[in-house]
Amino acid sequence: MADPLRHILADEGIWKTGPWPGCGQYLADCAVRAMPDPAVACKENADCGAVACGGGFYSAAPGENCYTCYADSGECSKIAETFACLSPVGWVFTVGFTYAGFALFLSATLWNANLIAKLDAVSSKWKALQGSE
């Protein structure tokens, strides 16, 4: 629920990108880059495709990956969506809330199944069987 809420707040302009704590999941200036295959040389962002994706990113056709001109290499690239490029908000939402949600889901399922009491009963029956030999 947290990540969809982050998306809604960002899409509606309530939670702005930018200075701390911006709503962006990835660092804008991450050094880890993903290049198109084959590589495309560029001098400006529009050289990366004919379709504007927004934010200075362009794609070759609608629905395809969006790239921007990376000045350091002079090639079209995009931020690699990896753990190395997660912003602090990305770490909290992607890693923290996701795994906290899994942990809560697992504990609630085990609680609802009354698994501890059932395992305790199995353990006492096992001990009784072992003692009868």
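In the predicted model, the side chains of Arg6 and Asp3 meet in a salt bridge, with an N to O distance of 2.9 Å. A salt bridge is taken here as a side-chain nitrogen of Lys or Arg within 4 Å of a carboxyl oxygen of Asp or Glu. By this rule the count comes to 1 salt bridge. Arg6 and Asp3 are 3 residues apart in helix H1, so about one helical turn separates them. Arg6 is buried, with a relative accessible area of 6%, whereas Asp3 is partly exposed at 27%. Buried denotes a relative accessible area under 20%, exposed over 50%, and partly exposed the range in between (1.4 Å probe, protein chains only). Helices (H or I, at least four residues) and strands (E, at least two) are DSSP runs numbered from the N terminus. Residues are numbered from 1 along each chain as its sequence is written. As the model is predicted, local features need pLDDT of at least 70 and side-chain atom pairs count only at pLDDT 80 or more, while totals for chains, interfaces and linings use all residues; side-chain values use heavy atoms, with hydrogens and water left out.

Helix H1 (2-11) also contributes to the largest pocket. About 460 Å³ of space lies in this pocket, and 15 residues line the pocket, of which Gln25, Tyr26, Phe57, Ile79 and Glu81 lie nearest its centre. H1 and S5 are the elements that give two or more residues to the lining. The largest share, 4 residues, comes from H1. A pocket is an open set of points on a 1 Å grid over the protein atoms alone, where a 1.4 Å probe fits, with protein on both sides within 12 Å along at least five of seven lines; lining residues have an atom within 4 Å of a point. The volume is the space filled by probe spheres set on the points, which are joined across faces, edges and corners.

Strand S5 (residues 75-79) also belongs to an open sheet. This sheet has 3 strands in the order S1-S5-S4, with antiparallel pairing. Strand S1 (33-34) and strand S4 (68-70) stand at the edges with a single partner strand each, so one side of each has no neighbour in the sheet. Two strands are counted as paired if DSSP finds at least two bridges between them. S1 and S5 pair over 2 bridges: Arg33 stands opposite Ile79, and Ala34 stands opposite Lys78. S4 and S5 pair over 3 bridges, and Tyr70 has Glu75 as its bridge partner in S5. The hairpin of S4 and S5 has 4 residues between the strands, and there Gly74 takes a positive phi near 70°.

Glu81 is placed in the loop between S5 and H2 and is exposed, with a relative accessible area of 63%. Glu81 and Leu119 are 38 residues apart in sequence and 42 Å apart in space, C-alpha to C-alpha. Leu119 is found in helix H3 and is partly exposed at 49%.

Leu119 forms a nonpolar surface patch with Leu106, Leu110 and Leu115, with about 340 Å² of accessible area together. Helix H2 (88-112) and helix H3 (115-131) each supply at least two residues of this patch. Patches are made of residues with over 30% relative accessible area and no salt bridge, with nonpolar side chains (Val, Leu, Ile, Met, Phe, Trp, Tyr) joined within 5 Å and like charges within 9 Å. Accessible areas come from the Shrake-Rupley method with a 1.4 Å probe; for residues, only the protein chains shown count as cover.
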